[in-house]
Amino acid sequence: MRQSSLVVVANRLPLDDNAARDGACEWRRSPGGLASALRSILEQTPATWVGWGGGIGPARQLPDVGPLRLRPVALTADELQGYYEGFANSTLWPLYHDAVEPPVFDRGWWETYRAVNRRFAEAAAESAEPGAAVWVQDYHLQLVPQLLRELRPDLLIGFFLHVPFPPPELFMQLPRRTELLRGMLGADLVGFQRPQAAHNVAQLAAKLLGTQGADDAILLDGRVVRTGAFPVSIDVPEMTALAAQPSVRSHAHQLRQDLGPHKRVVLSVDRLDYTKGIEHRLTAYSELLRDGRIKVRDVVMVQVAVPSRERVENYRGLRDRIEREVGRINGEYGRVGEPAIHYLNQPFDRADLAALYQTADVMVVTPLRDGMNLVAKEYVAARAEDTGALVLSEFAGAAAELEDAFQVNPHDVDGLKETLLRALDADPADLARRMHAMREHITEHDIHAWAGDYLTSLDHSGGLARVLPRP
Ligand code: ADP
Ligand code: G6P
C-alpha cells in the first residue's frame with residue numbers, strides 16, 4: 001500500500017465508476033460544492049483521496065490522476081441505504097439545514113453509519129504515512145476523526161464541515177448527539193464555514209461532554225481541539241479564464257439569441273434540493289408574471305436543477321412538485337415559442353455553466369439555508385466586465401462575504417419579488433460597483449487561500465501548505 005503525507009477523506013471521489021469503465025481515467029465533476037472545491041486543489045497535489053466511487057459492490061482500483069492517488073471505499077446496497085441515503089441525507093442533512101424538511105430518526109441507520117465511518121477511517125489509516133495529515137470532510141464522516149485517532153495516534157487530523165452546523169436546540173434532537181459530537185472532536189482542528197458554528201459546538205461540548213474552553217479551542221480528554229471558520233471558495237482564475245474563452249463567449253451569445261436577444265435573462269443553478277428554495281423562487285416569479293410586473297416578452301427565466309439524491313423520498317417529491325409548477329407557469333404565462341421558464345434537469349460541463357453565467361442579467365441564488373453556495377461565487381467570477389446582478393439569500397454562507405449582492409430573505413416571498421424587481425431595474429453603474437467589489441473579495445479569498453489557511457492552521461510548521469500547488 002502506497003502512503004501519502006496528505007490524505008483527504010470525503011464521502012465522494014471526484015471520479016465515478018462510469019467514467020472509468022473503459023479503463024480511461026478522466027475527471028468527472030460531480031455537481032456539488034465539496035467536489036468542486038477539492039478537485040481544484042487536489043488534482044495537482046501529491047496526496048491520496050479516500051472516497052466512495054458512486055457504485056455498489058466491490059471497489060475497483062482506480063488509476064492515479066496526476067500526482068493524486070484515488071483510494072476507493074466500497075459500499076453495499078444496504079450500506080448505501082442506511083449510511084448515505086439514510087443517516088447522512090435523511091437525518092443529518094435536513095437537521096443541519098434548519099430542519100426545512102423534517103429529519104428522519106431511524107434507529108437502524110446509526111449502526112450502518114458507524115460501520116461505514118469505521119471503514120473510511122481504516123482506509124485513511126492505511127493510506128497515511130507516519131506523522132501524515134488526514135483531512136476529513138463533511139457530515140457523512142463525522143465519526144472518522146475519533147476512530148482514526150484510536151487507530152493512528154501519530155496523525156495530524158483535520159475535519160471540515162461544508163454544511164452549516166445547527167443551533168444547539170436542533171442538534172440536541174439527535175438521538176446520537178453525544179457520539180457525533182465526540183467523533184468530530186477527535187480532530188486537532190475542526191473547521192466550519194461560519195464563526196457561529198464554532199460557537200454552537202463550544203456550547204454543545206460544554207453541555208454534553210462537560211468540556212471547558214472557548215469558541216476557538218475546546219479542552220477534551222486532556223487534548224486541545226481547535227475550531228474556527230474557514231469559508232470555502234472557488235478557483236477564481238479558472239472560472240474567469242473559462243468565461244473569457246472565445247468558444248464560451250460565442251456559446252453565451254448563441255444562448256442569448258435563443259432565449260430572445262432583447263430579453264433580460266434571470267438564471268438559477270442548483271442541485272435539485274429542498275434547501276435551495278426553488279419552490280419559493282418559482283412562487284415569486286409566477287406572482288410577478290400574474291401581477292403583470294414582468295412580462296414574458298421582456299424577461300425569461302432559466303432554472304437549471306441538476307438531479308441529486310434521487311432515491312431519497314424527499315427529493316423525488318420535490319422534483320415532482322417543481323416540474324408540476326414549471327408546467328403550470330409555462331401553461332399560464334408562456335406563449336408559442338416563448339416559455340416563461342426554461343427548466344433544465346441535467347448536468348452541464350464547466351464551459352456550459354460559464355456560458356450560462358455569462359448570459360444571465362440577474363443570477364438568483366436563494367437557498368433557505370446553505371453552508372456556503374459556490375454557484376454565487378462562480379457567477380461573480382464569470383462577470384469580468386462588472387455587469388449583472390446577484391440576488392443572494394441571507395441564509396447562504398456566501399452572504400457574509402458578498403455584501404454587495406442584493407440580499408434577500410427567501411422565506412419572504414413579497415420581499416423576494418421586490419428584490420428581483422430591484423435587481424432587474426438597477427442602474428448599470430450601481431451594478432458595476434457591486435460586482436467589482438464582490439470580485440475583488442473572491443479573488444483574494446479563493447480556493448487556494450482557503451486550503452492554504454486551513455492547512456497552515458492545522459500544521460503550524462507550514463509544511464503541509466507547501467504541498468499544495470502554487471495558485
Ligand atoms: P451544493 O454544494 O449544495 O451543491 P454549491 O452551490 O456550493 O451547492 O455547489 C454546487 C456546485 O455544483 C457548483 O460548483 C456548481 O457549478 C455545480 N453545479 C451545479 N449545477 C450543476 C449542473 N447542472 N451541472 C454541473 N455542475 C453543476
Ligand atoms: C453538498 C455536500 C457535499 C456533497 C454535495 C453533493 O455540497 O456538502 O458533501 O458531496 O452536496 O451531494 P451528493 O450527495 O451528490 O454527494
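Strand β11, helix α11 (residues 313-333) and strand β12 form a right-handed β-α-β unit. Right-handed here means that, with the strands pointing away from the viewer, the path from the first strand over the helix to the second runs clockwise. Helices (H or I, at least four residues) and strands (E, at least two) are DSSP runs, numbered from the N terminus. The model is predicted: local features need pLDDT of at least 70, side-chain atom pairs count only at pLDDT 80 or more, and totals for chains, interfaces and linings use all residues. Residues are numbered from 1 along each chain as its sequence is written, while chains are lettered from A and ligands numbered from 1 in the order in which they are written.

The protein contains 16 helices and 15 strands. Its C-alpha atoms occupy a box of roughly 65 × 45 × 40 Å along the principal axes. The radius of gyration, taken over C-alpha atoms, is compared with a globule rule of 2.2 Å times the number of residues to the power 0.38. For 471 residues, a compact globule would come near 23 Å; the protein has 22 Å, which agrees. Buried residues make up 48% of the 471. A residue is buried if 20 or more other C-beta atoms lie within 10 Å of its own, exposed if 12 or fewer, and partly exposed in between, with C-beta atoms placed from the backbone. Two residues are in contact if their C-beta atoms, placed from the backbone, lie within 7 Å. Of the contacts with a separation of 6 or more, 72% join residues 24 or more positions apart.

Strand β11 (residues 299-306) pairs with two strands. Pairing requires at least two DSSP bridges between the strands. Strand β10 (residues 264-271) runs parallel to β11 over eight bridges. Strand β12 (residues 341-344) is also parallel to β11, through four bridges. Valine 269 stands opposite valine 304 of β11. Leucine 267 faces valine 302 in β11, and valine 302 in turn stands opposite histidine 342 in β12. In β11, six of the eight residues are buried, so the strand is largely enclosed by the rest of the structure. In β10, seven of the eight residues are buried.

Strand β10 also pairs with β13, in parallel, through two bridges. Here leucine 267 stands opposite methionine 363. Methionine 363 belongs to strand β13 (residues 362-365). This methionine counts as buried because 27 C-beta neighbours lie inside 10 Å. Beyond residues up to four places away in sequence, methionine 363 touches Leu267, Tyr379, Gly388, Leu390 and Val391.

Tyr379 is one of the buried residues of helix α13, as are Leu374 and Lys377. Eight of the eight residues of α13 (residues 374-381) are buried, so the helix is largely enclosed by the rest of the structure.

Ligand 2 is surrounded by 11 residues, the closest being Gly32, Gly33, Leu34, Asp138 and His162. A residue is near a molecule if its C-beta atom, placed from the backbone, lies within 6 Å of it. Helix α1 (residues 33-42) gives the largest share of this shell, three residues. By class, the shell has three nonpolar, five polar and three charged residues. Ala, Val, Leu, Ile, Met, Phe, Trp, Tyr, Cys and Pro count as nonpolar, Asp, Glu, Lys and Arg as charged, and the others, Gly among them, as polar.
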